[in-house]
Amino acid sequence: MDEKEKNLYDDNPLENNNNQENDDTLEEKNGVKYETNDNWQFEADAPTLNDDLFDTADYSDKRKSKAENDSDVPIVTTDNVQKGQIVIKRESLKFIPLAILTLIIIAGLIVLGIKYYTVPNGKEGDLMNPASVAAKIDDNKISIGMYNLYFSSVVSQYEQYAYYGYYDLDPSADYSTQYTTDKDGNKISWLEYFEQETVNQIKNYNTFYNAAKKEKITLTQKQKDTINEQIKGLKNSASEKNQSLDAYISSVFGEYCSEETVRLYMEQFYLTANYKGKYAIDNKPEEDEISKYYDEHKTDYNQVDFSYLAVPYDASSDEKKDESLKNIKKYMSKITDRQSIIDLIPTVYKEYIDADVQTAMQNDSNLSKEEAVKNVTANYEGNVDGTIYGSDGPFSDEINNWLLDEKQPTGTVKYYANEDTGYAYIILKTEQAKRSEDETYAVRHILIMPKTDDDSQTDQTTGQTEYTDEQWAAAEEKANKLLEEYNSGDRTEYSFSILAEANSDDTASTTAGSSDAFGGLCEAVKLGEMVPDFEKWAVDKSRKYGDTGIVKSEYGYHIMYFVYDKPSYESQLIMDVRNAKFDKILKETEFDLHESVVNKANNKFLEAKKAANEKQAAENTTQPANSSQK
């Protein structure tokens, strides 16, 4: 180990353990001993490392149940005796005197130190001690520090979404007493849900991270630089608080989380994306695979339009529920087509329209009441239509299947009541289900933006940076050189992807962004979603797989690589077949969670969260008084 590597551990040096007392609460599971005492503390404010890097995005978000409760996920329960290993016969053990066995255990404790088996050491990889193990994926161990880092990231993401109203979640209250539902509709606490999401993410990233290492897939230089920049930012924050780096990281992301943990966390993110990106290129779905998958999931690729009204639904008592149902049936009797729904809007949405009219007139003093009513009503009239894509619709299975069922005639009306939201949706089926044939395309691109300087100006109307002719020329020259570099190589989709990862200024289509995108891929793109010149090149009917070119847009020069141009449902099929392959890999992965360690970490998180909330509440209480004294 060189001096630089040695310095990584200076903040948490291994201590002399000879004076520690034995902990008789030590647990053993699958041959690994785990710490179970309560002498460690978890503290976390739980921000994410970087919103761009670790935000999740697709929180449409298929919520997955905890791995140990998922029948598709195998749990390690078998002995670790494999074919070809030396096996000690059990009956021979009975001849070992108890005193000798005790001496062997004591000798091990003297050599390694009691804390080696009882207290996590905050290290990763080969330096991790048995007490640090929170889970195992295949033969790889996941540290308690890594669990805490994933957990704090998950909680932070959901708190951010809750702030914008996407979830009914109160960050100032105890997460173990707030409830949501899992994917099967079971009521669980938010704390349990966070654990499920943490376990899912750990399993997902580590499975493909391990596969990437086996395939000898490496980080790009750009990814390495980003990791170092993240660590540099954490060092600066630690310095501002007069803390060591490891102490600061532990205080922010969780107990036993260190610089090593953060580095490994980011490596897992990037190598997972690199592996899945290469796998998707090397394992493109064959036509027979696509056809078979379509036959098995036909309804998932149908879509159906409908019109609806949302009316209040009060189920707080039998009397109020009956009254709500009476209202619903009254409105249903008047609905025959879309226009009849529009005719009901002034009555059904009267309270909302009146409130919106008052707001509109307050915001615009020149607006008459008549104009305000007209504008607000038109807004509601424009929001009576919806579309269900596939069987996973927003209503109950009964309503979703009714809409998709070709035997059910158009013009029929049903309602769906949701007691949680306090609304019932009166739904008019306006057409029969059909496949989405809308044109979509997939391309890879490398965006080269002109470089700005201190004198660069911004257009006040469009908000776009105004580049000089010299800056445009330099960007074009770079784009041409990169295309020449690609053409002089093996000209594969993967080599283009690597070039995009190293050079593209578009973070949304590379691992530099917050999605799972890799290699400049823009997939299943609908018409109108990209700038005109970009799209014109992509949908040119002469295009063949692997075609390249350079397109200029207001953002810069795009080095293009054509992948496909297909109907929307076929694009979705390609992605679904690919994801099914990834799911198969995950299901075949052995995962073992050490519950007692994880439960303890979760409880420590709750304690820290409660203390932080109480501190914040105290500061909020005293702030007005302090302000008035100034």
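This is a predicted model: local features need pLDDT of at least 70, side-chain atom pairs count only at pLDDT 80 or more; totals for chains, interfaces and linings use all residues.

User: Which residue follows α9, and what is its phi?

Analyst: The buried residues of α9 include Val252 and Phe253. After the helix comes Gly254, with a positive phi near 130°.

User: At what angle do the axes of α6 and α10 cross?

Analyst: Two packed helices are described by the angle between their axes and the distance between the axes. Axes are lines fitted to C-alpha atoms, for helices over the stretch in contact, and angles run from 0 to 180 degrees between N-to-C directions. For α6 (residues 144-163) and α10 (residues 259-282), the axes come within 10 Å and the crossing angle is roughly 65°.

User: Is that crossing of α6 and α10 left-handed or right-handed?

Analyst: A crossing is left-handed if the near helix is turned anticlockwise from the far one by less than a right angle, and right-handed if clockwise. On that rule, the crossing of α6 past α10 is right-handed.

User: How do the residues of the contact of α6 with α10 divide into nonpolar, polar and charged?

Analyst: On the α6 side the residues are Gly145, Met146, Leu149, Tyr150 and Ser153, and they meet Thr261, Val262, Leu264, Tyr265 and Gln268 of α10. Ala, Val, Leu, Ile, Met, Phe, Trp, Tyr, Cys and Pro count as nonpolar, Asp, Glu, Lys and Arg as charged, and the others, Gly among them, as polar. The division is six nonpolar, four polar and no charged.

User: What is the average twist from one strand to the next in the sheet β4-β3-β18?

Analyst: This is an open sheet of three strands with antiparallel pairing; strands pair if DSSP finds at least two bridges between them. The edge strands, each pairing on one side only, are β4 (140-143) and β18 (591-593). The twist averages 25°.

User: At what angle does α6 run to β4?

Analyst: Strand β3 (residues 133-137) pairs with β4 over four bridges, one of them joining Ile137 to Asn140. Helix α6 lies across both strands, and its angle to β4 is about 60°.

User: Which residues make up the covered face of β8?

Analyst: Strand β8 (residues 385-389) is joined to the antiparallel strand β7 (residues 302-312) by five bridges, and the bridge partner of Phe306 in β8 is Gly386. The uncovered face holds Asp385, Thr387 and Tyr389, and the covered face consists of Gly386 and Ile388.

User: How far apart in sequence are the parts that the pair of Phe208 and Phe582 ties together?

Analyst: Rings of Phe, Tyr and Trp (its six-membered ring) pair if their centres lie within 6.5 Å, with planes under 30 degrees apart counted as stacked, over 60 as edge-to-face and the rest as tilted. At 5.4 Å centre to centre and 80° between the planes, Phe208 and Phe582 are edge-to-face, and both are buried. Phe208 is in helix α7 (residues 190-214) and Phe582 in helix α20 (residues 568-587), so the parts tied together are 374 residues apart.

User: Why is the pair of Phe395 and Tyr425 classed as it is?

Analyst: Phe395 lies in the loop between β8 and α16 (397-404), and Tyr425 in strand β10 (residues 423-429). The ring centres are 6.1 Å apart and the planes are at 50°, so the class is tilted.

User: Which residues does Thr272 contact, leaving aside neighbours within four places in sequence?

Analyst: Thr272 is found in helix α10 and counts as buried, at 3% relative accessibility. Its contacts are Tyr205, Phe208, Tyr209 and Glu267.

User: What is the C-alpha to C-alpha distance between Ala512 and Thr226?

Analyst: Ala512 is in the loop between α18 and β15 (521-526), and is partly exposed at 34% relative accessible area. Ala512 and Thr226 are 286 residues apart in sequence, and their C-alpha to C-alpha distance is 8.3 Å.

How values were computed
Residues are numbered from 1 along each chain as its sequence is written. Side-chain values use heavy atoms; hydrogens and water are left out. Buried means under 20% relative accessible area, exposed over 50%, partly exposed in between (1.4 Å probe, protein chains only). Helices (H or I, at least four residues) and strands (E, at least two) are DSSP runs, numbered from the N terminus. Contact means heavy atoms within 4.5 Å.
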